2 protein chains.
Amino acid sequence: MTHNELIQQIRTKKTFLCIGLDPDLKKIPEHLLQTEDPIFEFNKAIIDATHSHCVAYKPNTAFYEAYGIKGWISLEKTIQYLNINYPNHFTIADAKRGDIGNTSAMYAKAFLETLNFDSITVAPYMGSDSVKPFLSLPNKWVIVLGLTSNEGAFDFQFLNTGNKKLFEEVISTSATWGNENNMMYVVGATKAESLKEIRKIIPNHFLLVPGVGAQGGSLEEVCEYGMNENIGLLINSSRGIIYASSKDDFAQVSQLEASKIHESMKKYC
Amino acid sequence: MTHNELIQQIRTKKTFLCIGLDPDLKKIPEHLLQTEDPIFEFNKAIIDATHSHCVAYKPNTAFYEAYGIKGWISLEKTIQYLNINYPNHFTIADAKRGDIGNTSAMYAKAFLETLNFDSITVAPYMGSDSVKPFLSLPNKWVIVLGLTSNEGAFDFQFLNTGNKKLFEEVISTSATWGNENNMMYVVGATKAESLKEIRKIIPNHFLLVPGVGAQGGSLEEVCEYGMNENIGLLINSSRGIIYASSKDDFAQVSQLEASKIHESMKKYC
């Protein structure tokens with residue numbers, strides 16, 4: 001998907017919601033556990049119920065790998081289902097990969113070619129040759145971890161490196177490896193006040209913002225500090241939507257939760 | 001595997017070689033491509049030929065994920081083969097994972113429980129809660145990226161953060177989250193001179209050292225600067241051993257290459 005196509009989807013649907021598909025067999029409704037592939041059935045129901053309220057879906061690979069081959073099959077079925085039935089939704093493999101050049105190239109093949117995701121999240125610690133192999137495929141995206149939403153972000157990301165914090169250095173340096181048409185950044189909603197500084201460095205890039213909802217971030221603050229003239233935000237919610245109910249009505253309730261966020265986003269679009 | 005058991009293996013076999021199992025269908029011998037699972041057959045032949053010369057095997061997950069479900073099956077068969085036939089070899093899932101706490105816990109389950117590896121490599125950027133979930137399982141290990149062997153390491157890892165370089169800060173801070181019985185560090189052989197400084201911070205931890213061979217690092221330098229009284233090193237070689245020949249004799253030639261490194265290690269053990 002291109003930058004313009006994504007903006008178009010957001011303007012048309014009046015939403016910049018991304019839904020995280022993080023299935024956990026301990027949390028999904030009991031009646032699904034008897035099906036052949038409970039994780040895929042769960043995702044399918046969530047996707048069918050919520051697609052009109054969001055522009056992106058983000059499976060986190062950890063929740064699939066935890067179940068070995070079965071989980072990997074569920075992931076493959078999920079992305080295929082999205083690509084066939086909802087080709088206008090932007091898809092994110094939340095994999096946080098990154099390795100030496102020839103190895104990152106294998107990850108790019110795995111997620112952007114074999115599985116055919118639109119994008120993949122990448123950890124920046126190993127530097128340029130760990131990120132660049134992901135940037136060589138047309139209309140595919142790298143989403144670099146800039147400032148993450150978790151408590152551990154304070155361990156290293158805020159360290160002073162000369163006249164910049166580490167996350168600012170990571171963002172400004174890595175932004176030179178690509179451009180706003182093939183790179184985005186993860187910026188946690190729980191650190192919304194830092195968005196102002198980040199927007200000075202990368203005014204035009206899309207930001208993928210986790211942490212609204214379950215982790216305590218505020219949509220209003222994120223929009224105030226992070227929005228640009230093309231919206232420039234994908235706000236992710238996972239648990240708050242997909243586990244809103246653990247009963248038979250889970251899909252219906254997820255639709256309701258997604259619609260509430262959709263409603264609150266309309267005024268910005 | 002415990003710290004003492006690993007030292008015992010090294011002392012008994014007089015080797016601290018780790019072999020990287022990074023199978024690439026473009027590089028493995030043609031006659032294997034007709035088998036049902038070429039990647040597993042390749043790994044099995046390499047393992048059977050080299051096991052007496054090494055104490056550890058390290059599949060890099062990228063090389064399996066690139067082939068989707070088939071690759072994941074090959075990875076599962078490879079670790080099962082190692083666990084059943086060579087239980088005294090230390091196994092490393094070179095996965096470079098790391099995510100927010102509840103998600104890292106899923107990766108720990110995936111690699112240390114479901115697949116039953118002894119250890120997993122972890123990227124440090126997201127901080128403590130991204131690493132700690134891997135430390136809660138008995139006799140399992142986290143191997144944190146300290147100073148990597150690639151060119152991109154210079155982008156961020158050498159940044160000055162107060163009176164320390166970033167990689168020194170990462171190592172000294174993260175070392176407080178566990179101890180030398182459940183943590184190791186990746187330190188690239190291509191930056192051997194930094195090993196002296198790193199040994200001042202973590203004198204007793206094992207270091208996993210990639211970059212000897214294909215990437216240009218020197219065994220002698222790594223031993224001079226990085227060895228401690230319990231050896232404290234796992235030196236990895238991947239391409240130099242597993243792709244030493246692309247013909248029918250590949251396993252035999254890999255054995256020869258591994259035996260050369262083994263020979264050069266004996267004097268240190």
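Two strands pair if DSSP finds at least two bridges between them; helices (H or I, at least four residues) and strands (E, at least two) are DSSP runs, numbered from the N terminus. This is a predicted model, in which local features need pLDDT of at least 70 and side-chain atom pairs count only at pLDDT 80 or more, while totals for chains, interfaces and linings use all residues. Residues are numbered from 1 along each chain as its sequence is written, and chains are lettered from A in the order in which they are written.

**Exercise 1.** Determine which residue stands opposite Y57(B) in β3(B), and how many bridges join β1(B) to β2(B).

Solution.
1. In β3(B), the residue opposite Y57(B) is T91(B). Strand β3 (residues 90-97) of chain B pairs with β2(B) in the parallel sense over 2 bridges.
2. Strand β1 (residues 17-21) of chain B runs parallel to β2(B), joined to it by 4 bridges. Here C18(B) stands opposite A56(B).
3. From β1(B) the chain passes through helix α2 (residues 38-50) of chain B to β2(B), a right-handed β-α-β crossover. Right-handed means that, with the strands pointing away from the viewer, the path from the first strand over the helix to the second runs clockwise.

**Exercise 2.** State which way the residues of strand β2 of chain B point, and whether they are buried or exposed.

Solution.
1. In a regular strand the side chains alternate between the two faces of the sheet.
2. In β2 (residues 56-59) of chain B, A56(B) and K58(B) point one way, and Y57(B) and P59(B) the other way.
3. All are buried, that is, 20 or more other C-beta atoms, placed from the backbone, lie within 10 Å of the residue's own.

How values were computed: Buried ≥ 20, exposed ≤ 12 C-beta atoms within 10 Å, placed from the backbone.
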